[in-house]
Structures are given as C-alpha cells and as structure tokens.
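My entries follow in the order in which I made them.

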Amino acid sequence: MTEKNLTCANCTTAACRFKNESKYPKFCLTASADNDLVNETIEIYKNDEILGNIARVSAEIEGEFYGRLTRVEETIEFITRMNYKKVGIATCVGLLNESRILSRILTAKGIDNYVVGCKTGAVDKTEIGVPNELKLNRGCGHESLCNPILQAKILERQHTDFNIVMGLCIGHDTLFIKHSTVPTTVLVVKDRVLGHNPVQALYTANTIYSRFKKELNIS
C-alpha cells in the first residue's frame, strides 16, 4: 500500500492522543488534516449548544469515571448530566428482559422512560417483499417483521429527548438511528453467537478460534 492509502488502521502509536508530533507516522491523518475542516468542527462544538454540550459532558464523564463505571452507569450519568426528561428505549423483543431491567433501573433513578419492541405492529415480513423461504419459519405461518422506523416514530410521538438502542439487528439499528429525531446511543449491540459481545470476534481473530483465518492468512 502507498502512504496515500494508509489510514489510522495502520497506525501503531496513537500519538494524536497527546499530540506527540515526533511520533506521528509519515501517513498520519492528524499531520495531514485539513486545518479548515478541523476548525470547522471545533466551531460546531463551540457554537451549537446541543452538540457542544454532548461533547463536553461526554468528555467530562470519561475524565471522571474512565475504567470505573459500566456502560449502563455511564449512560445513566450522561442522561442525568444532559438533563434529559424522557428516554426512549428501542429494543429487540429478544432482549425484553434486559430492557425491562434497564427500565426499572431508570425509573428508580427518577428517569422517565418508554420502551417499544421491534415487532410492534405485527406486520408479516412478506408485506415488504421478504420471501417466505427467507423467513425464520420458512413460511410456516405469520412472522412479524422488525419495524425500527415505527419504533422511532412511536418514540417521537412520546416526545422522548434521548433514545437508547437495545440489541436491534444489524441494519435495523441503522434504520432506527436514521429516523430517530433525537440524540441516540447504542447500549447493547446484538451478536447472538457471542452473547452480544461482538468485539470477541476481533479479540480471537488471530487465534485458533478465529472465524477470519482466510482473511487474515492464519493457518
């Protein structure tokens, strides 16, 4: 690969964390960054009240609690500091128990919340062109489609000011985030094989347990 094609994936120093310019690789994206573009983003944080507040609160939570709070605790801290009044939870129906627990915790913390499952509406998958043979039940009766756009619209009607994604399938989460009208975070990323811990596939990528031996040239 030429230096022109190298990206942060090829960096082994992460020297940008502390602006250690002597350790920037030759292809460093920080060193070659468009200063006008960098300044444009900084002006957004400075001048946009909502986006700037999200950026500052996120940095403050990182600085105060790095490595100490779980993601659930960090999310609650973020909600509290952002002064969000009502939180929407867009959940996979396969994670209703986890969402139920989260809802109870938020309620106990005095945070109003509203949970909507992905199968709400109970519309069969064939209604949007999914063939019977590609349904989980292979066409043996009704099988509701996941409707993340409906989830987003229901939460919009509930006037939530922050939404949480709980284990929506790949693509469905994309549609939800696309149609959410308020800031959104992902608390659970679905991975049925790895217990909703998708990064495990990367942790084991260079081991005998790798599912990417061909791609990584592992024998």
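I began with helix α1 (residues 35-47) and helix α2 (residues 49-65), whose axes come within 5 Å and cross at roughly 95 degrees. Axes here are lines fitted to C-alpha atoms, for helices over the stretch in contact, with angles running from 0 to 180 degrees between N-to-C directions. That makes α1 roughly perpendicular to α2, a term that covers angles of 65 to 115 degrees. For the contact (heavy atoms within 4.5 Å), I noted Ile-44, Tyr-45 and Asn-47 on α1, and Glu-49, Leu-51, Gly-52, Ala-55 and Arg-56 on α2. Sorted by class, this contact has 4 nonpolar, 2 polar and 2 charged residues, where Ala, Val, Leu, Ile, Met, Phe, Trp, Tyr, Cys and Pro count as nonpolar, Asp, Glu, Lys and Arg as charged, and the others, Gly among them, as polar.

I recorded that this is a predicted model, in which local features need pLDDT of at least 70 and side-chain atom pairs count only at pLDDT 80 or more, while totals for chains, interfaces and linings use all residues. Residues are numbered from 1 along each chain as its sequence is written, and side-chain values use heavy atoms, with hydrogens and water left out.

Along the sequence they follow the pattern α-α-α-β-α-β-α-β-α-β-α-α.

Next I looked up salt bridges, meaning a side-chain nitrogen of Lys or Arg within 4 Å of a carboxyl oxygen of Asp or Glu, and found that the structure holds 4. In one of these, the side chains of Glu-64 and Arg-81 meet at 2.8 Å, N to O. Glu-64 belongs to helix α2 and Arg-81 to helix α3, so the pair ties together parts that are 17 residues apart in sequence.

Last came the pockets, each an open set of points on a 1 Å grid over the protein atoms alone, where a 1.4 Å probe fits, with protein on both sides within 12 Å along at least five of seven lines; lining residues have an atom within 4 Å of a point. Of its 19 lining residues, Lys-119, Lys-125, Cys-146, Cys-169 and His-172 are the closest to its centre.

Notes: Helix = DSSP H or I, 4+ residues; strand = E, 2+ residues; numbered from the N terminus. Parallel < 35°, antiparallel > 145°, perpendicular 65-115°, else oblique.
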